[in-house]
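Student: Hi! Could you walk me through this structure before I set up my own calculations?

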Amino acid sequence: MSLQSQLESGKFAITCEFGPIKGTDTHEIIENIEILKGKVDAANVTDQQSSILRMSGLVTATLCVQGGLEPILQMTCRDRNRIALQSDLLGAWVMGIKNILALTGDMAAKGDHPQAKDVFDLDSVTLLNTIMRLNEGFDLSNNELKGKPAFFSGAVVKVESNTEASEELQIIKMQKKITAGAKFFQTQAVYDAKSFERFMKRVEKFKTPVMVGVIPLKNAGFARFMNANVAGIRVPDNLIQKMADAPKEDREKTGIQIAAGLIKQMKPMCQGVHIMAIGWQKKVPEIMAAAGL
Amino acid sequence: MLYSEQKHFDEIIAYLEKDKSVFVVGCDGCAQSSGSGGPKQVEEMKRKLTAAGKNVTGTKSVDFLCSKALVKSGLRGKVDQLKAADAVLVLTCGIGIQCVAAAVNKPVYPGCNTVNLGGIRGEWEGSERCFECGQCLLYHTGGICPLTACTKSLVSGSCGGANKGKCEISPDRDCGWELIYTRLKERGLLNRLNDMMKPLDHKKIMPRPEMMSTPRYALENPPKVETPKVESPVKEVKA
């Protein structure tokens, strides 16, 4: 069952993500596809995540289609103007890619080519709107298309905000993304079921499926690093302590258990889970088993 | 020098759709030289707004709206007329509009677009900056420019990267969108955040071809101008 029919029929969906490789050796991609296909409903393919150069996401997502794993192609507005984005979208549809996750994207200054020119011709909202126009059979300049796509587009939202303005701006932008055509949301990683519950109460009215983001912790330092550097991630002290207390050989198990526990707690509140096992794609089936999925 | 052009009157009147009364501010600096917001254009705007059924509570042209101190002193004598207005229309560059918006606790609307001259954008003492985008968006954002206040120049809202109100890219800067949120909330205009913005028109953001080429061309190939012959007074004396 496709991600779209899964979410539209109100079923709980499971997605994960992996980044394309840096280089041309695709062994790892093929291996990940083999491990994940049939287990998750779809896998996000990131787009030069954190502005770090990788092989094309469009090509990686095509490899997923060929390997039998449904991709969600992430598209950012950092590297391509509206012409290139529309061109890649049309090409993606032809290659069998049906799901797009529209993002604004980090600035190049954050990545490994800080000298690069940021494009940001469009942003997440106007990109969603562009996808909607393509689905209707027109490009952004209202020229008619010969053959049109039927993309299922999604967007992201942040659950944890640390100012009133930031929280309100997230909710307002979520509404705008829905108006612009977003049919589902994946959240930034959540480590506190209570804040997720509060968030879900606020966005219930949108009646749009939300998939909660989960990143398994690797160690206490990793958790502290995310708290200090990643906007919208807040790992509570008790979880950091749990990781710090675990003996080295049990850390991986502890991280997986915490992730599984969070999934169990939050599953009844939303319509899916998005497991971002950074560098740990192979552990996704294990996390799912521990969470009873 | 910031060069500005008046927005189409239809756009201005659309901003004022829900406002019955308006106060018009002009600038005796660059806007006067641009022919977009000097005393003459302010009077003309007053006539057009009145003809369109709006109550113009007052007008004022101020020397250099880009200085908040001058904005405040310039408008001091007009407080009652300002208070009586539902909104303030400002005919000047993006900096002047932002300075008026910061100084006057009213909805402040841009009456002009600032055109990119492709050169140095000058220095101002205040924190307001103009992108010279040629499609002034200040109506939607409470008089704080999203193109200069947001590091990513986002027009559809915050990126979600801010931490405790500070920008993810430049942590010494406030998140521009949080500033916009706070301003709109103070003025009771939060519904502006729901406006669906079109993608920016980058053709308007680029300097116009004639502006891009002429100054540089002129430097490399000085125009051949016939210098008028002037008889030297010394020679005259000798003759």
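Tutor: Happy to; we'll go through the folds of the two chains and then the place where they touch. This is a predicted model, in which local features need pLDDT of at least 70, side-chain atom pairs count only at pLDDT 80 or more, and totals for chains, interfaces and linings use all residues. Residues are numbered from 1 along each chain as its sequence is written, while chains are lettered from A and ligands numbered from 1 in the order in which they are written.

Student: Which strands does β1(A) pair with, β8(A) for one?

Tutor: β1(A) pairs with β8(A) (residues 272-275) in the parallel sense over 4 bridges. There, A:T15 sits opposite A:H274, and A:A13 has A:G272 as its bridge partner. β1(A) also pairs in the parallel sense with β2(A) (residues 42-45), over 4 bridges, where A:C16 is partnered with A:A43.

Student: Why is β1(A) largely enclosed?

Tutor: Because 6 of the 6 residues of β1(A) (residues 13-18) are buried, the strand is largely enclosed by the rest of the structure. A residue counts as buried if 20 or more other C-beta atoms lie within 10 Å of its own, exposed if 12 or fewer, and partly exposed in between, with C-beta atoms placed from the backbone. In a regular strand, side chains alternate between the two faces of the sheet. In β1(A) both faces are covered: A:A13, A:T15 and A:E17 are buried on one side, and A:I14, A:C16 and A:F18 on the other.

Student: Switching to helices: how do α9(A) and α10(A) cross?

Tutor: The axes of α9(A) (residues 237-245) and α10(A) (residues 251-266) come within 9 Å and cross at roughly 155°. That makes the two helices roughly antiparallel, the label for angles over 145 degrees; under 35 is roughly parallel, 65 to 115 roughly perpendicular, and the rest oblique. From α9(A), A:L239, A:K242 and A:M243 meet A:R251, A:T254, A:G255 and A:I258 of α10(A). The contact has 3 nonpolar, 2 polar and 2 charged residues. Nonpolar covers Ala, Val, Leu, Ile, Met, Phe, Trp, Tyr, Cys and Pro, charged covers Asp, Glu, Lys and Arg, and the others, Gly among them, are polar.

Student: Now chain B. How many helices and strands?

Tutor: Chain B has 11 helices and 6 strands, and 43% of its 239 residues are buried. One open sheet has 4 strands in the order β3-β2-β4-β5, paired in parallel. Its edge strands, β3 (55-62) and β5 (108-110), each pair on one side only. Inside that order, β2(B) (residues 21-27) and β4(B) (residues 87-91) share 5 bridges, with B:V24 opposite B:L89.

Student: How many residues does each chain bring to the contact?

Tutor: Chain B and chain A each bring 25 residues. Helix α8(B) (residues 176-186) supplies the largest share of chain B's side, 4 residues. That side has 10 nonpolar, 11 polar and 4 charged residues. Two residues are in contact if their C-beta atoms, placed from the backbone, lie within 7 Å.

Student: Which residues does B:P199 touch?

Tutor: Leaving aside neighbours within four places in sequence, B:P199 is in contact with A:R82, A:D121, A:L122 and A:T126. B:P199 lies in the loop between α8 and α9 (202-205) of chain B, and B:P199 is buried, with 20 other C-beta atoms within 10 Å.

Student: Is A:G232 buried or exposed?

Tutor: A:G232 is buried, with 23 other C-beta atoms within 10 Å. A:G232 is in the loop between α8 (220-229) and α9 of chain A.

How values were computed:
Pairing = 2+ DSSP bridges. Axes fitted to C-alpha atoms, helices over the stretch in contact; angles between N-to-C directions.
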